[in-house]
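Please find below a colleague's note on the structure shown here.

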Amino acid sequence: MSDSVLDFYEGLAEEYHLLFADWEQSVDRQGAVLDALLRRSGAPPPRRVLDCACGIGTQALGLAARGYSVHATDLSPSAVARAEREARAMHVSITTGVADMRMLDWQVPGTFHVVMSCDNAMAHLLEDSDLDDAATAMASRLVPGGLLVASLRDHSALLEKRPRFTAERVLDTPLGRRVLFQVWDWAVDERQYTVRQFILRQESGIWHTTEHTGVYRLLQPVELEQALTRAGLVDPRWYTPQETGFNQPLITARKP
């Protein structure tokens, strides 16, 4: 898990914002959506939040701007460094660290009211043992009564269609035009899929192309829910995008 995921996000760290029409607007919108969910779940600011798959800060920065005390960690040092720079640019306060979500129990000190992993990050846990290690480590960082929050692609719908590619997105920006699309390769047993993210950028009339490859498990909601239960968490609840406004289904579970 670690090498492929690390390579993917190390390579993507400086370009991740290009996947959005307006990344800063997405930071604000996702912060608002998650803030509403946390308030509904009894964890309003200034609750302590551990975002253990922070990337460049898409969720962490949005929550910090709304008064949460956020510690943001990721497997990728480059992504964490980028999140630090973006926090300074946005004038919000977060603390950061480099950590593997399977090892939070000894890589991240202290406990939190909320532990969060969004953007399908847990689908990078390709083996059941990795999934269980991550669920246990995340649970270990929660205070009694604390809330775990994770988002997951709708893999059931994907399995029905088995997409080979995504339709292109063409974004016209002040810095030039961007074209985004993905090519998907499915494992023979259909338990994993490889996503090749292509980013085409037009600068001064010249096109530049980069490609980033990530491997995912076809993680089903019941598998994630069972892993959280084995980790000692209770009251799992799924929220649809229609309920929350988040772009993926979200699950919450509590530490007794």
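**Notes on the model**

1. N120 is buried, with a relative accessible area of 1% (buried is under 20% relative accessible area, exposed over 50% and partly exposed in between, with a 1.4 Å probe and protein chains only). N120 sits in the loop between β4 (112-117) and α6. Its phi is near 65°, a positive value in a residue other than glycine. Helices (H or I, at least four residues) and strands (E, at least two) are DSSP runs, numbered from the N terminus.

2. On provenance, the model is predicted: local features need pLDDT of at least 70, side-chain atom pairs count only at pLDDT 80 or more, and totals for chains, interfaces and linings use all residues. Residues are numbered from 1 along each chain as its sequence is written, and side-chain values use heavy atoms, with hydrogens and water left out.

3. H91 also has a positive phi, near 60°, and is a residue other than glycine. H91 belongs to the loop between α4 and β3 (95-98). At 74% relative accessibility, this residue counts as exposed.

4. Overall, the chain contains 9 helices and 11 strands. For 256 residues, a compact globule would have a radius of gyration near 18 Å, and the value for the chain, 18 Å, agrees; the radius is taken over C-alpha atoms, and the globule rule is 2.2 Å times the number of residues to the power 0.38. The C-alpha trace spans about 55 × 45 × 35 Å along its principal axes. Buried residues make up 50% of the 256 residues. Of the contacts with a separation of 6 or more, 65% come from residues 24 or more positions apart, where contact means heavy atoms within 4.5 Å.

5. In helix α8 (residues 221-230), the residues E223, L224, A227 and L228 are buried. Seen down the axis of α8, the buried residues fall within an arc of 135°, so they line one face of the helix; the arc is that of the directions from the helix axis to the C-beta atoms. Against what do the buried residues of α8 pack? Their partners are α6 (128-140), β5 (142-151), β9 (206-217), β10 (234-239) and β11 (250-254). After α8 comes G232, with a positive phi near 95°.

6. The largest pocket holds about 1200 Å³ of space. On a 1 Å grid over the protein atoms alone, a pocket is an open set of points with protein on both sides within 12 Å along at least five of seven lines, whereas a cavity is a set where a 1.4 Å probe fits but cannot get out; lining residues have an atom within 4 Å of a point. Grid points are joined across faces, edges and corners, and a volume is the space filled by probe spheres set on the points. The lining of the largest pocket comprises 48 residues, and Y16, L19, D119, R153 and Q248 lie nearest its centre. At least two lining residues come from each of α1 (2-12), α2 (23-40), β7 (176-186) and β8 (192-203). By class, the lining has 29 nonpolar, 13 polar and 6 charged residues. Ala, Val, Leu, Ile, Met, Phe, Trp, Tyr, Cys and Pro count as nonpolar, Asp, Glu, Lys and Arg as charged, and the others, Gly among them, as polar.

7. The second largest pocket has a volume of about 310 Å³. Its lining has 17 residues, with H17, L18, T173, L175 and R178 the closest to its centre. Each of α2, β7 and β8 supplies at least two residues of this lining. The class counts here are 5 nonpolar, 4 polar and 8 charged residues.

8. S76 is placed in the loop between β2 (69-74) and α4 (77-90). Is S76 buried or exposed? S76 is buried, with a relative accessible area of 0%. Not counting residues up to four places away in sequence, S76 touches L6, Y9 and E10.

9. S69 lies in strand β2 and counts as partly exposed, at 40% relative accessibility. Leaving aside neighbours within four places in sequence, S69 is in contact with P46, R47, R48 and V49. The C-alpha atoms of S69 and D7, 62 residues apart along the chain, are separated by 29 Å.

10. A cis peptide bond joins P45 and P46, with omega about 10°. P46 lies in the loop between α2 and β1 (48-51), and P46 is also among the residues in contact with S69.
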